[in-house]
Number of protein chains: 2
Amino acid sequence: MSSYEQVLAGNMRSAGRLLRDLDDGLPDARDVLKQLYAHTGQARIIGITGPPGSGKSTLVDALIAFYRKLGKRVGVIAVDPSSPFSGGAILGDRIRMNRHATDEGVFIRSLASRGHLGGLSRSTNDAVTVLDAMGYDPVFIETVGVGQAEVDIVESAHIAVVVTVPGLGDEVQAIKAGILEIADLLCVNKADRSGADRAEHDLQLMLDLRSDQLPRPAIVPTVANTGKGIDALAAEMDRLGARDDEEIWNDRLLRRARRQLEDLIRQGATEAVLMHLKDDMDALVSAIARREVDPYTATERALAVMLDRE
Amino acid sequence: MSSYEQVLAGNMRSAGRLLRDLDDGLPDARDVLKQLYAHTGQARIIGITGPPGSGKSTLVDALIAFYRKLGKRVGVIAVDPSSPFSGGAILGDRIRMNRHATDEGVFIRSLASRGHLGGLSRSTNDAVTVLDAMGYDPVFIETVGVGQAEVDIVESAHIAVVVTVPGLGDEVQAIKAGILEIADLLCVNKADRSGADRAEHDLQLMLDLRSDQLPRPAIVPTVANTGKGIDALAAEMDRLGARDDEEIWNDRLLRRARRQLEDLIRQGATEAVLMHLKDDMDALVSAIARREVDPYTATERALAVMLDRE
């Protein structure tokens, strides 16, 4: 069987190998991905983000258990943009998911940043394509933290869920204000803690400030480690992913397609220029460091060679 | 006076306008930036990052006061990659710096993410160029959070300082492991709290795991809101920025130059392709959303038109 057939047949090991090959930039792997794309489009892709300590991993764990009981095969892509140089995702909390590790109906893939951010968005999208083609639905994209990297990644999902907890400090509140603007659904986890009402109240206030025209997100309280509220959260996700309202669903598809295309163009265009420059790159860097040329002029020259050669 | 002359003469309002024009992509502004570049190279550029709640802003505030007493003019670029859509930086802690707001010797510029991450790195570098040319030294780049975005931004400084505090949870410890690898200097702030020794001990352990060949960073305890340890921290910064060891300093200049050039190429190449596509972009996005073409093939076609037209 070809790699393509093995992945489609549900071989997790082949899928893992394919994703590694994609990260390594092997052209054959890209061809397999294109073939697989024709089999995608069934999965609901759900991004989950929120500040450290909000219990995202425990929440995803509870959601896996919930959807497994319904007989669904569940995909999880755990993305850690904060560990760029360590060569592997430092997702200690992933260990908690080990109870699903032997479950053939659950595919968990951890991604750490390899080099630049654009690369991580692309790796995430590649993994979504593979898991979708294999029939996993829903596919969760879980991120560590709440920075721009996470916003970029979660924006490529159909549904963006932002998780928070009672009692976070002001600075985290400020962070939330940014990420709130992309939320389709909000979850106050650890809602058995004191201050849960206050957290929900604060979120409502912040939602009042949203500038966009999207439907106002629901706020669902959960206690992930007891499973409380998980059914309500899943019901909201199902409602948002129901595709009843064709116009709203179409907007979600367009948002995802635009993000994917922009990520791929960004990476492809940059790689093409850097590959074209090759050894000249070091010389240019040295010239800038020695202040023989300013970086703006150096960039213009580098791009001119590449783009204006007609 | 031209914009260039006004900025060089120290006109903060002109500098602010120039930075806005640069963010808006005005070509004239880029020309002014090129002219200003010839006047740069004096400032030590110090990146400061660390998890939310580590007191980075209070620390920068104390450092401003320290360097002002020495008669230095201090620049601060406060970068918030987490507030992409709000149109302005949500840096509540910046309010604390207001005691420097009327001080002509302090230039504070807040940057929120405008669109994509690459844009924020570029805006940060543009602001560094302007502040350096105006004679501010040191120039601090302060970030919110510890994600890949922050790593990218802090890497473009000469000296990367990572701030932490005693008693952070496991998840934040994990985040630190990633960002530790770029640190030139470590600071345990709020060192009057219990657990400060433990925090330093943990950092030492994590430094043992570093894979690179850079000099091992010093760890400086501080209590920013009383000013304790600020002199020791500044002394370490001065030592790292002393340019005594030409080889190490040259490495820092090369690192910064490479990051700058890569950021500019990434953005320039992407913009060039997107501009070339223009109205075709919407059509491509729709075609992907309708599943008439896969995003990988769509990207290849878009890039081929642009790059292989010889």
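Visitor: Which residues does Val293(B) touch, leaving out those up to four places away in sequence?
Guide: This is a predicted model, and in it Val293(B) touches Ala287(B), Ile288(B) and Ala298(B), once residues up to four places away in sequence are left out.

Visitor: And where is Val293(B) found?
Guide: Val293(B) lies in the loop of chain B between H11 and helix H12, the latter covering 295–307.

Visitor: Why does Val293(B) count as partly exposed?
Guide: Val293(B) has 16 C-beta neighbours inside 10 Å, so it counts as partly exposed; a buried residue would need 20 or more, and an exposed one 12 or fewer.

Visitor: Staying with H11 of chain B for a moment, at what angle does it pack with H10(A)?
Guide: Helix H10 (residues 246–277) of chain A and helix H11 (residues 279–289) of chain B pack at an angle of about 115°, and their axes are 8 Å apart. The crossing of H10(A) with H11(B) is right-handed.

Visitor: Which residues meet there, and of what class?
Guide: From H10(A) come Leu253(A), Leu254(A), Ala257(A), Arg258(A), Gln260(A) and Leu261(A), and these meet Leu284(B), Val285(B), Ile288(B) and Ala289(B) in H11(B). Sorted by class, this contact of H10(A) with H11(B) has eight nonpolar residues, one polar and one charged.

Visitor: Over in chain A, which residues of H11(A) are buried?
Guide: In helix H11 of chain A, residues 280–289, the buried residues include Leu284(A), Val285(A), Ile288(A) and Ala289(A). Viewed down the axis of H11(A), its buried residues fall within an arc of 135°, so they line one face of the helix.

Visitor: What does the face turned away from the buried side of H11(A) carry?
Guide: That face of H11(A) carries Asp282(A) and Ala283(A), which are exposed. After H11(A) comes Arg291(A), which has a positive phi, near 65°.

Visitor: Changing topic to strands, which way do the residues of S6(A) point, and are they buried or exposed?
Guide: Strand S6 of chain A covers residues 185–188, with Leu185(A) and Cys187(A) pointing one way and Leu186(A) and Val188(A) the other, and all are buried. In a regular strand, side chains alternate between the two faces of the sheet.

Visitor: What does S6(A) pair with?
Guide: Strand S5 (residues 159–164) of chain A pairs with S6(A) in the parallel sense over four bridges, and Val161(A) has Leu185(A) in S6(A) as its bridge partner. S6(A) is also joined by four bridges to strand S7 (residues 218–221) of chain A, again in parallel, where Leu186(A) has Ile219(A) as its bridge partner.

Visitor: Back in chain B, how many residues of S4(B) are buried?
Guide: Five of the five residues in strand S4 (residues 139–143) of chain B are buried. Val139(B), Ile141(B) and Thr143(B) point one way from S4(B), whereas Phe140(B) and Glu142(B) point the other way.

Visitor: Which strands run parallel to S4(B)?
Guide: Strand S1 (residues 45–49) of chain B pairs with S4(B) in the parallel sense over four bridges, and Ile45(B) has Val139(B) as its bridge partner. Strand S2 (residues 74–80) of chain B runs parallel to S4(B) and is joined to it by five bridges, with Thr143(B) as the bridge partner of Val79(B).

How values were computed. Residues are numbered from 1 along each chain as its sequence is written. Chains are lettered from A and ligands numbered from 1 in the order in which they are written. This is a predicted model: local features need pLDDT of at least 70, side-chain atom pairs count only at pLDDT 80 or more; totals for chains, interfaces and linings use all residues. Helices (H or I, at least four residues) and strands (E, at least two) are DSSP runs, numbered from the N terminus. Two strands pair if DSSP finds at least two bridges between them. The arc is that of the directions from the helix axis to the C-beta atoms. Axes are lines fitted to C-alpha atoms, for helices over the stretch in contact, and angles run from 0 to 180 degrees between N-to-C directions. A crossing is left-handed if the near helix is turned anticlockwise from the far one by less than a right angle, and right-handed if clockwise. Two residues are in contact if their C-beta atoms, placed from the backbone, lie within 7 Å. Ala, Val, Leu, Ile, Met, Phe, Trp, Tyr, Cys and Pro count as nonpolar, Asp, Glu, Lys and Arg as charged, and the others, Gly among them, as polar.
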